[in-house]
Amino acid sequence: MANYRKDDTLYVFKKIECGENVKDLYADGFDGIIVEGEEEVKRCAGSFAGLIFAKQGACVNCCKALLEAGADKLLSGDMDAELIKKYGEGIIANTDEIALIDSDAWEFKKIKAQEGKKMRMPASVDMSQIKFDERGLVPAVALDIATGKVLMLAYMNRESIELTLKTGFATYFSRSRQSLWLKGETSGHVQRVYRITADCDGDTLLVHVKQSGAACHSGTFTCFENTLYDSRFPVSGASVLDDVFATITDRYEHPKEGSYTNYLFDKGVDKILKKVGEESAETIIAAKNAVYDEMTLEIGDLFYHLMVLIKERGLDMQDIYTDLERRR
């Protein structure tokens, strides 16, 4: 699914049914989704990182929802010039030649903008800011944007960077094979690229991606699983939650025999909800009785079971962080 885009004006969209999970579709290779109705547009805007085509037109509230989501978006429909002027960033107003490929994929062969609106163009990078070594290579560290985990270290050359920007998927240069390789081309575990940054010297790249499946050839989510030293000092903040959620995600995608997390996933949402209820009640009792050691344990159990629920329902921690950020 990684090679949908055939050229710079071809996009592949998935038609979304009401309530359908859209979280991983961008990482799976779709450039965008087709949705109908204001509420669906709002719902998808908070979960889907790609382009959104509002099939029945776009209203002011749809525009606001998409802008607040903070990623490239596509809206289409009966938008007047004033609306485009006010909410035009990331919005393309009209499309034509929409061809049905199969039951759920659409090709946008041509995209037209209303007068004065910029087209969505391929990204570019000033290569002069990058210090390639004598072989024309630069180290590239892949970082998963959902978990904050470092996934892998690879190398890029000019051509692989250009292909990455053109396709939206991480393409590296294999030193052993002396050839380009699209990450996940065989396994399907592609890396959807959101951002590329360079360090202060320009001799190392940080590739911010959404990892689909396992990044490591061994089947683990990240290549950095072998702990050589651990000070055991407590880590702070959301990084603890992200680490636990990454483990839960790994169990979900790569079941492990005897895992309690997999037991919960196997039993389904009703069992998980029951556990959330039990841990909530136990937290209340511990707090009421002011038994602080028990409160710590029960709240930890509640957090864990809530994260299992988050994963089972197709969300991730970033959804929660985004919502909390909006409340500040």
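Mentor: V150, L153 and F224 make a nonpolar surface patch of about 290 Å². This is a predicted model, in which local features need pLDDT of at least 70 and side-chain atom pairs count only at pLDDT 80 or more, while totals for chains, interfaces and linings use all residues. Residues are numbered from 1 along each chain as its sequence is written, and side-chain values use heavy atoms, with hydrogens and water left out.

Trainee: Why is V150 called partly exposed?

Mentor: Buried means under 20% relative accessible area, exposed over 50%, and partly exposed in between (1.4 Å probe, protein chains only). V150 has a relative accessible area of 37%, and is therefore partly exposed. Of the 328 residues of the protein chain, 43% count as buried.

Trainee: In which strand is V150 found?

Mentor: V150 belongs to strand β7, residues 150-156. Strands (E, at least two residues) and helices (H or I, at least four) are DSSP runs, numbered from the N terminus. The protein chain has 11 strands and 9 helices.

Trainee: How do you know that β10 and β11 pair?

Mentor: Two strands pair if DSSP finds at least two bridges between them. Strands β10 (residues 191-198) and β11 (residues 205-211) have 7 bridges, in the antiparallel sense. R192 stands opposite K210 in β11, and R195 stands opposite H208 in β11. The two strands form a hairpin with 6 residues between them, and G202 in the turn has a positive phi of about 75°.

Trainee: What makes β7 and β10 edge strands?

Mentor: The open sheet has 4 strands in the order β7-β6-β11-β10, with mixed pairing. Strands β7 and β10 each pair on one side only, and are thus its edges. The twist averages 25° from one strand to the next.

Terms used: Patch = residues over 30% accessible without salt bridge, like charges linked within 9 Å, V, L, I, M, F, W, Y side chains within 5 Å. Areas by Shrake-Rupley, 256 points an atom, 1.4 Å probe, with all protein chains shown as cover. Salt bridge = Lys/Arg side-chain N within 4 Å of Asp/Glu carboxyl O. Axes fitted to C-alpha atoms, helices over the stretch in contact; angles between N-to-C directions.
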